[in-house]
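I opened my notebook to look up a few things in one structure. Come along and read the entries with me.

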Amino acid sequence: MTDKELGKRLAELRDEFGRMCIGRLCKDCAKVLMATMEDELLALPNKKQQKLYIKGIEKRLIREYTPVLKKM
């Protein structure tokens, strides 16, 4: 294996490792975020406010992730 091939393979491994780490981090962050949202949702006094809270979260997620998904 030449130095150029070795460097290319090393870069591929580094990218793969980075994706694995980011995937784990995202999964952990999602768990914490869901637990936090559930606590906030249960703290609301009635179903109407809970539905408004859920709609607000839904709109925020759509606004945040639509540009990211369009680029994929």
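This is a predicted model: local features need pLDDT of at least 70, side-chain atom pairs count only at pLDDT 80 or more; totals for chains, interfaces and linings use all residues.

**Entry: charges.** How many positive and how many negative side chains does the protein have, and how far apart do the centres of the two sets lie? I found 17 positive and 11 negative side chains. The centres of the two sets lie 8 Å apart.

**Entry: overall build.** I looked up the secondary structure next and found two helices and zero strands. Then I checked the overall dimensions: the C-alpha trace spans about 65 × 25 × 10 Å along its principal axes. The radius of gyration is 20 Å, whereas a compact globule of 72 residues would have one near 11 Å.

Entry: What share of the 72 residues is buried? I wrote down 6%. The accessible surface comes to about 6900 Å². Carbon and sulfur atoms account for 64% of that surface.

**Entry: a charged pair.** Side chains of opposite charge can pair when their charged atoms come close. With that in mind, I searched the whole structure for salt bridges and found one. Which residues make it? The partners are Arg9 and Glu12, with 3.5 Å from N to O.

**Entry: a nonpolar patch.** Which residues form a nonpolar patch on the surface? I listed Leu61, Tyr65, Val68 and Leu69. Together they have about 360 Å² of accessible area. Leu69 has a relative accessible area of 53%. It counts as exposed because the cut-off for that word is over 50%.

**Entry: Lys71.** Is Lys71 buried or exposed? Lys71 is exposed, with a relative accessible area of 76%. I then checked how far Lys71 is from Ala43, which is 28 residues away along the chain. Their C-alpha atoms are separated by 37 Å.

Technical notes:
Residues are numbered from 1 along each chain as its sequence is written. Side-chain values use heavy atoms; hydrogens and water are left out. A salt bridge is a side-chain nitrogen of Lys or Arg within 4 Å of a carboxyl oxygen of Asp or Glu. Helices (H or I, at least four residues) and strands (E, at least two) are DSSP runs, numbered from the N terminus. The radius of gyration is taken over C-alpha atoms; the globule rule is 2.2 Å times the number of residues to the power 0.38. Buried means under 20% relative accessible area, exposed over 50%, partly exposed in between (1.4 Å probe, protein chains only). Accessible areas come from the Shrake-Rupley method with a 1.4 Å probe; for residues, only the protein chains shown count as cover. Lys and Arg count as positive and Asp and Glu as negative; His and the chain ends are not counted. The place of a charge is taken as NZ of Lys, CZ of Arg, CG of Asp or CD of Glu. Patches are made of residues with over 30% relative accessible area and no salt bridge: like charges are joined within 9 Å, nonpolar side chains (Val, Leu, Ile, Met, Phe, Trp, Tyr) within 5 Å.
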